[in-house]
Amino acid sequence: MSQQGYVATPPYSQSQPGIGLSPPHYGHYGDPSHAGSPPGMMKPAGPLGAAAPGGMLPHGPSPPGPQQFGQNGAHAQGHPPQRFPGPPPVNSAAPSYAPYSPSTQSSYLSPASTASVTQLASQLNAMHINSYGSGMAPPGQGPPGPPSAPLFQGLPRPPQPSIMQPGSQVLPPPPTALNGPGASPLPPSTHRQDGLPGPAPLNAQYQPPPVPGQTLGTGYSPQQASYGPQMAGGQLSYPGGFPGGPAQLAGPPQLQKKLDPDSIPSPIQVIENDRATRGGQVYATNSRGQVPPLVTTDCVIQDQGNASPRYIRCTTYCFPCTSDMAKQAQIPLAAVIKPFATIPSNETPLYLVNHGENGPVRCNRCKAYMCPFMQFIEGGRRYQCGFCNCVNDVPPFYFQHLDHIGRRLDHYEKPELSLGSYEYVATLDYCRKNKPPNPPAFIFMIDVSYSNIKNGLVKLICEELKTVLEKLPKEEQEETSAIRVGFITYNKVLHFFNVKSNLAQPQMMVVTDVGEVFVPLLDGFLVNYQESQSVIHNLLDQIPEMFADSNENETVFAPVIQAGMEALKAADCPGKLFIFHSSLPTAEAPGKLKNRDDKKLINTDKEKTLFQPQTNVYDSLAKDCVAHGCCVTLFLFPSQYVDVASLGLVPQLTGGTLYKYNNFQMHMDSQQFLNDLRNDIEKKIGFDAIMRIRTSTGFRATDFFGGIFMNNTTDVEMAAIDCDKAVTVEFKHDDKLAEDSGALIQCAVLYTTTGGQRRLRIHNLSLNCSSQLADLYKSCETDALINFFAKSAFKAVLHQPLKVIREILVNQTAHMLACYRKNCASPSAASQLILPDSMKVLPVYMNCLLKNCVLLSRPEISTDERAYQRQLVMTMGVADSQLFFYPQLLPIHTLDVKSTTLPTAIRCSESRLSEEGIFLLANGLNMFLWLGVSSPPELIQGIFNVPSFAHINTDMTTLPEIGNPYSQTLRMIISIIQQKRPYSMKLTIVKQREQPEMVFRQFLVEDKGLYGGSSYVDFLCCVHKEICQLLN
């Protein structure tokens, strides 16, 4: 495979005012060690606004708002972008991501803009559907385009917008070429031979990016295209902080040329290529540093000494040998670890190793657990630790002779010697107070304030609990669950219920002192569901009636968590609180909140406070919960602002989950809520957990992101961790790494099972190390990189201005790609955009992250929604973040009803939709069925059982069950998409050209954002300019 990635002759090769490097930000999270210019990286020459040869700066007036670019000398200092440093220097007049100031004439529409539907319709109408993989498959699998032979003929022609092709062609393509993904990769040595035409003169090669009014390709309802020359003195190409507005261009005015979206890397193509080459196969984890199939590829994973990628995925599977190299490439070295990931039924579950009272065998020095990386010596009497190289004696009970190659005779009989992942039974040394833990408990806490009674929510919850309590999680071999249950209701006061099995009726005890919560009963509060079933059902029938006449609308919140935690503490067991809550807690009590939803803070330095909790009560409450193994899961039903940033903090820090149902309506939302509740109660979970990451010498874990709490720098504490939660860990060098020994990672999680057994779950992974940058780039995984960037950016949101964060993300993207271009790609014209094969789709995914509502400073987006999405992403695994940032869009009208496989997805762009089509879009939180105005009547009849488009009721949230193949296949597809995801997706029916279509449009992430954010094409132009400036 060529080291060369995608090549293009772009239309944007000259520097353009206003898209420079960001001002120097010192330090990674404020660490000055990164501030120097990386070795081998060129410093951009001269101040930012210098035009490239052949260009003249226009003399028109400066644009309004904060974009006075051009005089900012800070950019010239060439510091590498750091990840989210301290506050920016004073002179950062013109960061590359200017704020979205509403005063700037925005290149995206405000929701109020007239004819918004038709205007949106033309947002860069032409991004192509291909597929997502390692990019090694020959591009012949791409969509048909004209034959690529003509590309090699004739004299150099006037250049055309970028055609990025895998492999190393540097081709200014003919003006008419609508190229598919290009010709197959050539090895670097063949670069620029075969008489390929050389680059055209510089200023001829520069065409400005498209103007917003212009359409690319053939979407529906195009606007009037404007191909005329640009007037000097217009706006910069970064209005509102994102590339993509009308451009103020260097150089003489020229005719606009359009960049063909089909010629730029397609996520779908990458996904499909990987599926074609690796789908359905067995992936064995027997060799160090191998790059696994993408998360979107289904395959069978066989553990042969390294943990399955279901448990651990890395941003790169080859670490650079030195920290200098790491700084030069700026590729984050990180692992996304999902210790309790669900394993499909056709893969082997984890083996349980039990050494009795001896407990696990561990290295005396670094305390790493016995694993395949330990080397036995001296006839098996001693072993050398793979992590710290310490030589240890083998305990007598564990001794075994070695064979002729120095391997123990029982190598394949012991999971800990031959497998990457396994579990140990923990001894009493690993238990609190050195005694075995009690089985965990679930406590259900229901807000019985007026609105919840009135809208039927309380009755719905009580009815459902009767069913779900039958399905409490249990150990594989057990008949019934060991989990005990308890019940509390609350408004301004707390009501505890005694549901002891020998009572005829449940008894209620009221705690009115919410300032100092105590547990009024011990015996009879936490009970075995099977034993107390009749009393519990009795209680669940009575609760809705008991509070039917209550008109109490004020609620408390912190005392509710306190009460649950105190109950678990009194019972001396870990557990989980299920809280069903719907309003801002305004009653007098600890944790009382006020409405602080202030849109005036948006785009100011105080915007970050909107993501921080209002009071430190919740922080200290979370700390207590973690100390007592109390996990909190919160079901929120807000009808207005509830301060998710404050209420969601305890669920986040205790390893719980936050679910939110805005403006809950019984007939529309109950199914989604009930699915979430059932799923949450039944899922695989470990309680009272501590995770420790050990690494071999030369590097260490420095930063952790997720639903975690940390009292010190090494122990990751989680009141609970379930099968959907991932922790992302960043590594840094503290010495050189050796190519021969590689880099080793061991993740150990100590936890209590649902049956009350203390266990250790161990995952081991070995990575390569190299002193060649090309090896590092070859082994990258873009999906894991985006997971890392999203989490580090969303963590930084609490302390940094959003503008700075967006800028750093753009800069780091450009730096990573510029370093590849400079050190790994064969020489070619500076105007070429060359992307490494493993990062072809990094720009499109990075643009999706930049357009997420958390990083967009826009008053139209609710503060609670931003805080909610921020929290969800912090605990996502790689598969979930991949779908969340780049949704799946499936054409339904081309369904083969005889097939059980999903149709091939298409790119998330409006230009891919058609009036005759029906499309299903899912991102893990939302699901839409979009219906074109000319949808085939037989499909509409088949899916909805109505005669025509006009008859479809868009209020439905589930499809009717009709016995025909169309209906059955579509419902099957929906359930396949749903079953792998942690959140139940509510289905929204969207008709083309009707108002709700605006919501659907936000998910067409390759187009311009509804509330700001550039299209993929524009962002690629912007990144390319940044790269050019770095290379100059």
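Me: Why are α9 and α10 called roughly parallel to each other?

Reply: The axes of α9 (residues 558–571) and α10 (residues 617–627) cross at roughly 15 degrees and come within 11 Å. Angles run from 0 to 180 degrees between N-to-C directions, with axes fitted to C-alpha atoms over the stretch in contact. Angles under 35 degrees count as roughly parallel, and therefore α9 and α10 are roughly parallel. The model is predicted: local features need pLDDT of at least 70, side-chain atom pairs count only at pLDDT 80 or more, and totals for chains, interfaces and linings use all residues. Residues are numbered from 1 along each chain as its sequence is written, and side-chain values use heavy atoms, leaving out hydrogens and water.

Me: Which residues of α9 and α10 meet?

Reply: Contact means heavy atoms within 4.5 Å. From α9, Ala558, Ile561, Gln562 and Met565 meet Val617, Tyr618, Leu621, Asp624 and Cys625 of α10. These contact residues divide into 7 nonpolar, 1 polar and 1 charged.

Me: What makes the buried residues of α10 line one face of the helix?

Reply: Tyr618, Leu621, Ala622, Cys625 and Val626 are the buried residues of α10, where buried means under 20% relative accessible area with a 1.4 Å probe, protein chains only. Seen down the axis of α10, they fall within an arc of 135 degrees, so they line one face. The arc is taken from the directions from the helix axis to the C-beta atoms.

Me: What do the buried residues of α10 pack against?

Reply: They pack against α9, β17 (630–636), α11 (644–647), α12 (649–653) and β21 (716–722).

Terms used:
Helices (H or I, at least four residues) and strands (E, at least two) are DSSP runs, numbered from the N terminus. Angles under 35 degrees count as roughly parallel, over 145 as roughly antiparallel, 65 to 115 as roughly perpendicular and the rest as oblique. Ala, Val, Leu, Ile, Met, Phe, Trp, Tyr, Cys and Pro count as nonpolar, Asp, Glu, Lys and Arg as charged, and the others, Gly among them, as polar. Buried means under 20% relative accessible area, exposed over 50%, partly exposed in between (1.4 Å probe, protein chains only).
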